[in-house]
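Dear colleague,

Please find the structure below, together with its sequence.

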Amino acid sequence: MLIKIGRPNDVKSSEITPQSVFMDRRRFMMAAAAGVGLASVSLPGGAPAAKFEGVVKGPFGTDEEQTPFEDVTRYNNFYELGTGKGDPARNAAGLKTRPWSIAVGGQVAKPGTYDFDDLVKPHMLEERVYRLRCVEAWSMVVPWVGFPLGDVIKRLEPTSKARYVAFQTLHDPEQMPGQRRAVIEWPYVEGLRLDEAMHPLAILAVGMYGEMMPNQNGAPIRLVVPWKYGFKSIKSIVRMDLVEHMPPTAWNKQAPREYGFYSNVNPTVDHPRWSQRTERRIGEFLRRETLMFNGYAEEVASLYAGMDLAKNY
Amino acid sequence: MGPFMGRAAKPVVFILCLLPLAWLAWRATSGGLGANPIEATNRYLGDWGLRFLLMVLAVTPFAGLSGWKGVFRVRRMLGLFAFTYVLLHLTSYVVLDHFFSWRDIWADIVKRNFITVGMVNVVLLTPLAATSTNAMVRRLGARRWRMVHRLVYVIGILGVVHFYMMVKADVREPLVYAAILALLLGWRVAAAWRRRRGRRPAASARP
């Protein structure tokens, strides 16, 4: 067990993407194919999968110490694969992530069902080292591999009526044993306001630690919105709709008093079960003070100007 | 069961009651507690506090069903182990989870209902542990002592409630504890019912 004494939060965002590197389809496909090959062998806890090539360093990265890969892949909240923290790693092998497609609908000029590779192909993969803050008051630092969600949405050409984005996780109790019981209402759904979704911090991640996304972390494609509690970052996405009205979200349906639509990390607004003032960074002994918007206030606070964040929790 | 078994029972049970602690120590030193060892330790100690409470409550039904009264001789020890594990659970919460941050702990007690319930339970358990000696039984007198120790029923219920309220969505495990508790308390209600019914014909037989 590694015990470190927490240090004060002195986060520096690193420089903007150094250069544009074009990532060709073939290279990505090779990584994807290798990923399938590995995924069919059971990987307890997620052993190293295929490495991505040509991933560039993205903006907003923190230089805080990254949480060990073993912890990020063995301590998961992914109820589709079981409610225990270790269940997702144990049940990961049953999830088939290729072929994979994402249905896009609602207020867009280009609706349709997109193959995973076709959706990802046009985008340059970036590494984004983000803090992840769970609503249960623990946190991690994860180097994601992905691309801005906003770039995808732009390509889909939202109509003027689009105001929110609704996401949905795969619903397949065969592959996801956690869905055989209605612990929460399946399928898992999440949503963002369109301006939140367009914010450059919000990404769709297809990997982490330079590798293909392990199944227990939401393979093959998941959302990462680092200024919100972890449950907003929906995993294993199969559907995306641009909609006019605020879409329902899974945990809000489960317990509306506990989980709001916005669920921005906010140390001053307590959850009924946990104080949100402090958090335990995985691997550390002392708790740290939780930062407003998980330390991304400079980037996102303006999205919520004039809003009562205690009411819109 | 010879007299030797009778004499060996207490030390054997004592050792058995320490095994969960030994297992925890082994896992803690071998890195077996996972990514969040503090949470794992806290949950584990709470689990065992609740299990020992249920074991104490199982003594009377067990004696009634099996007819073996010897089990009463370890009841006090089981009760004190329940208290010990609950205290360790509280200690891990104060020391490991919050490292003496009294401000956060107080905020938890006031605002977090499941923590309020847990704290009340520690307060309720303390007089039971304090009056567990033979000298205290004599001092209070058997009747008053028994009245005080009926608190254990409330403590058992609050223990399960504490667990149930803590869980986010998957309440299967707390419900298992609740079902066991319901059986143990239900057995007592049924036994009291039977006793009363058994007395009634005798009463009506009086002239």
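**The second largest pocket**

In the lining of the second largest pocket, α3(B) is the element that gives the most, with seven residues. Please bear in mind that this is a predicted model. The pocket has a volume of about 960 Å³. It is lined by 31 residues, of which Thr60(B), Arg75(B), Trp145(B), His149(B) and Val152(B) are the closest to its centre. Two or more residues of the lining come from each of these elements of chain B: α2 (37-66), α3 (75-97), α5 (113-130), α6 (134-140), α7 (142-149), α8 (151-166) and α9 (172-205). Sorted by class, the lining of the second largest pocket comprises 18 nonpolar, eight charged and five polar residues.

**Asn264 of chain A**

The other finding concerns a residue of chain A. Asn264(A) is found in the loop that runs between α7 (250-254) and β12 (278-281) of chain A. Asn264(A) counts as buried because its relative accessibility is 8%, and the cut-off for buried is under 20%.

When neighbours within four places in sequence are left aside, the residues in contact with Asn264(A) are Glu196(A), Trp227(A), Lys228(A), Tyr229(A), Phe293(A), Tyr304(A) and Leu309(A).

With kind regards

Conventions:
Residues numbered from 1 in each chain as written. Chains lettered and ligands numbered in written order. Predicted model: local features only at pLDDT ≥ 70, side-chain atom pairs only at ≥ 80, totals over all residues. Heavy atoms only, no water. Helix = DSSP H or I, 4+ residues; strand = E, 2+ residues; numbered from the N terminus. Buried < 20%, exposed > 50% of the residue type's maximum accessible area, 1.4 Å probe, protein only. Contact = heavy atoms within 4.5 Å. 1 Å grid on protein atoms, 1.4 Å probe; cavity = no way out; pocket = protein on both sides within 12 Å on 5 of 7 lines; lining within 4 Å. Points joined across faces, edges and corners; volume = space filled by probe spheres on them. Nonpolar A, V, L, I, M, F, W, Y, C, P; charged D, E, K, R; others polar.
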